[in-house]
Amino acid sequence: MERVGKWLGRPRELYNLLRFKMGGGAAVMPPLDQDVLSDRLKTCYRYLNQTSRSFAAVIQALDGELRHAVCILYLVLRALDTVEDDMTISLETKVPMLHDFHSYLYQPDWRYMESKEKYKQVLEDFPTISLEFRNLAKVYRDMIADICHKMGAGMAEFLQKKVDSLQEWDKYCHYVVGLVGTGLSRLFSVLELEDPIIGLDTELANSMGVFIEKAIIIRDYLEDQLAGREFWPREVWSRYAKKLSDLAKPENIDVAVQCMNELITNALRHIPHVLTYLSRLKTQSVFNFCAIPQVMAIATLAACYNNKQVFRGVVKIRKGQAVTLMMDATNIQAVKSIMYQYVEEIYRKIPSADPSSNKTQQIIVSIQTLCLPSGTVVSHNHYSPIYLSCTVLLAALSWQYLSAMSEALEEDVQANEN
């Protein structure tokens, strides 16, 4: 869960921008009323804002009790993830902790004071989080405990073995984020925020989480390597290097990029499921909550595709770009347009000599077909400038305008921070 919240900072400003985009009124997305929150719940929201960044804005866009429940869910899974990520904890200690973590929700005094991770406060002050968990309605407690139990077991499984096959990569991503997708989807249906099919179609709900996790695993290659963690599947990287760490060596940069491009192509196959899932949603706040991480994920993959910087440093979405995505992803047609834009960006960067080029082109064309109105044919023919259509020209001008707006929004957010 840590990775899900690492796209952006300053969630309050982004939350306000999102409210403005949706209609500008508190009646659409009521702000948190700090006066009616208990001190413990205020503390939980402070931890949320400190640890989840852009995801905090999305959570705070939810309504009423659901907002509090998802806040607690996030913090519980952040604490669990902090245990998994902390490489200073021995396996002898860590594996039982992961298996038992769901039981700590019912132990008022349990805390862990020896973590060296950045967000160790959620472990050190776990009694505050677990108390607010126990104050939730049973339907929320059952959902959170079930996800925590299954996720902890899955994390423990992959601590004791490497991610070998693509099938195991899917399984790992299911454990760490896909379970959240299926659990929340069941909750949306039980609360009658969404139709029963949302909770019943677990394959689509799982893809929502898996797509996000794959995008961030791909992006975080170097960070994970430096921390001693490995999440790229051996089935793929072993065709390009003897050890996964070898991909970071300058002399291997060309094959490293090819390996990454193959993983990105694999991740793109989840997009049809994502679009189908989002097209079924009817509650605005639920749609925003689900859609925004998806458009962040495709933007991340587009930034990483064929990009050597992934193996040299940090690849990030620009803050202004992220703000624009959050403001725009408020309906299914807008999300389809965003998806189309970013897979087209990937298509334009496909090297002809890339081993996965044909597969990448095929999946992109299929995605773009889903994003276009029925009957529209996707074409990637390359014409001379004299044949450029007015549509292409308009798209270029629109992109220039949106870029300028993104920069202006970024300056505005930075000004507010100062």
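So, Glu-192: just after helix α9, this residue takes a positive phi of about 65 degrees. By helix I mean a DSSP run of H or I, at least four residues long, and a strand is an E run of at least two, all numbered from the N terminus. Bear in mind that this is a predicted model, where local features need pLDDT of at least 70, side-chain atom pairs count only at pLDDT 80 or more, and totals for chains, interfaces and linings use all residues. Residues are numbered from 1 along each chain as its sequence is written, and side-chain values use heavy atoms, with hydrogens and water left out.

Staying with α9, residues 166-190, there's a kink of about 55 degrees centred on Tyr-175. The bend at a residue is the angle between two fitted axes, one for the seven residues ending there and one for the seven starting there.

Now, who does α9 pack against? Helix α8, residues 138-159: the two axes come within 10 Å and cross at roughly 175 degrees. Those axes are lines fitted to C-alpha atoms, for helices over the stretch in contact, and the angles run from 0 to 180 degrees between N-to-C directions. So α8 and α9 are roughly antiparallel to each other; the cut-offs are under 35 degrees for roughly parallel, over 145 for roughly antiparallel, 65 to 115 for roughly perpendicular, and oblique for the rest. Contact here means heavy atoms within 4.5 Å. By class, the α8 and α9 contact has 15 nonpolar, two polar and six charged residues. For the classes, Ala, Val, Leu, Ile, Met, Phe, Trp, Tyr, Cys and Pro are nonpolar, Asp, Glu, Lys and Arg are charged, and the others, Gly among them, are polar.

Next pair. Helix α14, residues 253-268, packs on helix α16, residues 284-304, at about 155 degrees with the axes 10 Å apart. That makes α14 roughly antiparallel to α16. Met-260, Ile-264, Ala-267 and Leu-268 come from α14, and Ile-298, Leu-301 and Cys-304 from α16. That contact is seven nonpolar residues, no polar and no charged.

Then there's α15, residues 271-279, against α19, at about 15 degrees and again with axes 10 Å apart. That makes α15 roughly parallel to α19. On the α15 side you have Ile-271, Pro-272 and Leu-275; on the α19 side, Ile-367, Leu-370 and Cys-371. The class count is six nonpolar, no polar and no charged.

While we're on α19, which runs over residues 357-371, look at Ser-357. Ser-357 is buried, because its relative accessible area is 8%; buried is under 20%, exposed is over 50%, partly exposed is in between, with a 1.4 Å probe and protein chains only. Beyond its neighbours within four places in sequence, Ser-357 contacts Ile-350, Pro-351 and Ser-352.

Over to His-68, in helix α4, residues 64-85. Not counting residues up to four places away in sequence, His-68 touches Leu-37, Leu-41, Tyr-45 and Leu-136. His-68 and Glu-132 are 64 residues apart in sequence but 9.0 Å apart in space, C-alpha to C-alpha.

And the whole chain? It has 20 helices and zero strands. Of its 418 residues, 55% count as buried. Take the contacts between residues at least 6 apart in sequence, and 74% of them join residues at least 24 apart.
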